[in-house]
Amino acid sequence: MHTFQPYPIDALEFDPFTKIGKEWALVSAGDKNKYNTMTVSWGGVGVLWGKNVVFIFIRDSRYTKEFLDKGELFSLSFLSEQYRDSLNYCGSHSGRDDGDKFAKAGLTPAFRHSIPYPDEANLLFLCKKMAAVPITEDSFTDASIMSKWYSDHDMHMMYVGEIIEVAAR
């Protein structure tokens, strides 16, 4: 197991366009008995309701969404490029069908404050869920979004999480 140290959020240099949009991240939720992870490439970081937050988008059909809906805590984990195959696997396979998705992706489950994350990560955002906001067809002001991204009507939920700790190794 790797040792993570708390990292002051105000010292963090973080480009969300690269880290989330191009390099991707894993969102993990659940508890020590049952958990899941999945790749995310839509989201961001910022300040909302007086808190440092992340926001991520999870489709209704995803197994990890069940864990996010049941629990209060989740992690957003970043891995080096050497784990691109793991990120691809976690973005294209369901833990609902795969059993131990972490192992099949070549990752090791670890826990910090009872929040699951992959031990191979090099940066963690440990988060407390603040809001779950459904993305609905009637919320779009650009009609092309629905046909381009939701032709199958598998909509997203936007989760806003307060960053309760940043950890790095």
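The structure is a predicted model.

The chain contains six helices and 10 strands. Its radius of gyration is 15 Å, close to the 15 Å that the globule rule gives for 169 residues, so the chain is as compact as a globular protein of that length. The C-alpha trace spans about 45 × 40 × 30 Å along its principal axes. Of the 169 residues, 44% count as buried. The accessible surface comes to about 8800 Å². Carbon and sulfur atoms hold 50% of that surface. Among contacts with a separation of 6 or more, 72% are between residues 24 or more positions apart.

Strand pairing was examined next. Strand S4 (residues 43-48) runs antiparallel to S5, and six bridges join the two. Gly 46 has Val 53 in S5 as its bridge partner. S4 and S5 form a hairpin with two residues between the strands. In this hairpin, Trp 49 takes a positive phi near 55°. S5 also pairs with S10. These two strands run antiparallel and are joined by seven bridges. Here Arg 59 stands opposite His 156 in S10.

The largest has 24 residues. Val 27, Leu 76 and Phe 125 have the most contacts inside it. Several elements give two or more residues to this core: S2, S3, strand S5 (51-59), helix H2 (63-70), strand S6 (73-78), strand S9 (123-134) and strand S10 (156-168). S10 provides the largest share, five residues. A second, separate core has 17 residues. Phe 4, Leu 87, Cys 90 and Leu 126 are included in this second core.

Neighbours within four places in sequence are set aside here. Leu 76 is then in contact with Ala 25, Leu 26, Val 27, Val 40, Val 54, Ile 56, Leu 123, Leu 124 and Phe 125.

Helix H3 (residues 84-92) has several buried residues. These are Arg 84, Ser 86, Leu 87, Tyr 89 and Cys 90. Two of the residues named, Leu 87 and Cys 90, belong to the second core. The cover over the buried residues of H3 includes strand S2 (25-30) and strand S3 (35-40). Helix H4 (95-98) and helix H5 (101-104) are also part of that cover. Gly 99 sits in the loop between H4 and H5. With a relative accessible area of 56%, Gly 99 is over the 50% cut-off, so it counts as exposed. Gly 99 lies 63 residues from Asn 36 in sequence. In space, their C-alpha atoms are 9.4 Å apart.

Arg 112 is in strand S7 (residues 109-112). Its relative accessible area is 18%, under the 20% limit, so Arg 112 is buried. The side chain of Arg 112 reaches the backbone oxygen of Phe 4 at 3.5 Å. Beyond neighbours within four places in sequence, Arg 112 is in contact with Phe 4, Gln 5, Pro 6, Tyr 117, Leu 124, Leu 126, Glu 165 and Ala 167. Phe 4 and Leu 126, both in this list, are included in the second core.

His 113 lies in the loop between S7 and strand S8 (115-118). Ser 114 is in the loop between S7 and S8 as well. Neither residue is a glycine, yet His 113 has a positive phi of about 55° and Ser 114 one of about 65°. His 113 counts as exposed because its relative accessibility is 52%. Ser 114, at 44%, counts as partly exposed.

Ser 144 is found in helix H6 (residues 144-149). This residue is partly exposed, with a relative accessible area of 41%. A polar contact of 2.6 Å joins its side chain to that of Asp 142. Phe 111 is 33 residues from Ser 144 along the chain. The C-alpha atoms of Ser 144 and Phe 111 are separated by 41 Å.

Note on methods: Residues numbered from 1 in each chain as written. Predicted model: local features only at pLDDT ≥ 70, side-chain atom pairs only at ≥ 80, totals over all residues. Heavy atoms only, no water. Buried < 20%, exposed > 50% of the residue type's maximum accessible area, 1.4 Å probe, protein only. Helix = DSSP H or I, 4+ residues; strand = E, 2+ residues; numbered from the N terminus. Contact = heavy atoms within 4.5 Å. Polar contact = N/O pair within 3.5 Å; in protein donor to acceptor, adjacent residues only side chain to side chain. Core = buried A, V, L, I, M, F, W, Y, C linked by side-chain atoms within 4.5 Å. Rg over C-alpha atoms; globule rule 2.2 N^0.38 Å. Areas by Shrake-Rupley, 256 points an atom, 1.4 Å probe, with all protein chains shown as cover. Pairing = 2+ DSSP bridges.
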